[in-house]
Amino acid sequence: MKFEYLREFIVAARSQELQQAAAELGISLSSLSKHLKSLELEIGAPLFVRARRTVLSHYGRILLPYAQELVALQDEYRADFSGGVSSSGELTVALSSIQFRERSGQVIEEFMLTNPSVMLHTVEFGNSELCEQLLSGRCDVAFVRSQPTLERNPALVYYPFCSDRLVAFLPPEHPLAAVESLGFEQLRQEKILLRSENSAIARVVKRECAALGFEPEIRYVSSFAIYDMVRRGEGISLYLAQPVSHDYGMPLSIVPVEPPVVSCMDVVVRREMLSPPAEAFLRFVLERALTQNAKT
């Protein structure tokens, strides 16, 4: 069983669309289909139910945690054989500013607390710039939000870290705060607060609303002001999953958006031998990702 095929299976399982998975992996759809078929033949059972969306079969759900564990073990022994034991040194991690509020920010803080001998620096760039900064050597590791249009550079290695879904933040007294889920049609009369016109969320909202025949009323404001504005009833905000705990001063209602809009985050490194601090950090992040996946 080829480990690279298992890595591709994990990405395909995460995306639920083979065309998108192939784009993320930087390979052709026919190659990905061939590799997955090879896995199915080796296992002797179908891994996916191929309908309008590609979802895991019963056997695919069984294989997924084993595939994730095997890939993590491969990464671990590679790190050990290359001398990638946590040691003193410097490390630069790149991410977008909003990611400091997400799980990537949490795992960075955890690593710094448990590896005090590593001097970790963080740098901020727009999501679309992160891979370019990694290739230029301005950082050692990057957390990158995956998008269907993201081209996979063969000089980089992309490891799945987490996946989040789009939710709406509303004041508790809002009429939609009590619904189980919120559709894009219900945004027709709403004022929407977003952080950036160039963000993936903004593109998704515009695209989905346009498909329903209307243009959403969007206002772009600082991430530091959004939650106060939502709390005051000046609009609603859309965000990828529930962020880490914040003191909003009063509770906000969080409602999932349907149909689900899922965004995945990868931890990305250059395809070359990493420094010991970078190897240690990568192993730490992948272990946290496995633990999180096991809980969910």
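How many aromatic pairs does a search of the whole structure find?

Modeller: The model is a predicted one. A search of the whole structure finds seven aromatic pairs. One of these is formed by Phe9 and Phe48, whose ring centres lie 5.7 Å apart. The planes of Phe9 and Phe48 stand at 65° to each other, and the pair is edge-to-face, because an angle over 60 degrees counts as edge-to-face. Phe9 belongs to helix α1 (residues 3–15) and Phe48 to strand β1 (residues 48–50), so this pair ties together parts that are 39 residues apart in sequence. Phe9 is buried, with a relative accessible area of 0%, and Phe48 also counts as buried, at 5% relative accessibility.

A further edge-to-face pair is that of Phe143 and Phe281, with 6.2 Å from centre to centre and 90° between the planes. Phe143 lies in strand β5 (residues 141–146), whereas Phe281 lies in helix α9 (residues 276–295); the pair therefore ties together parts that are 138 residues apart in sequence. Phe143 is buried, at a relative accessible area of 0%, and Phe281 counts as buried at 0% relative accessibility.

Phe143 and Phe281 also belong to one aromatic cluster, together with Phe111, Phe161 and Phe284. Of these residues, Phe284 has a further neighbour to consider: Arg288 lies over the face of the Phe284 ring, at 3.9 Å from the ring centre.

Notes:
Residues numbered from 1 in each chain as written. Predicted model: local features only at pLDDT ≥ 70, side-chain atom pairs only at ≥ 80, totals over all residues. Heavy atoms only, no water. Phe/Tyr/Trp six-rings, centres within 6.5 Å; stacked < 30°, edge-to-face > 60°. Helix = DSSP H or I, 4+ residues; strand = E, 2+ residues; numbered from the N terminus. Buried < 20%, exposed > 50% of the residue type's maximum accessible area, 1.4 Å probe, protein only. Lys NZ or Arg CZ within 6 Å of the ring centre and 35° of its normal.
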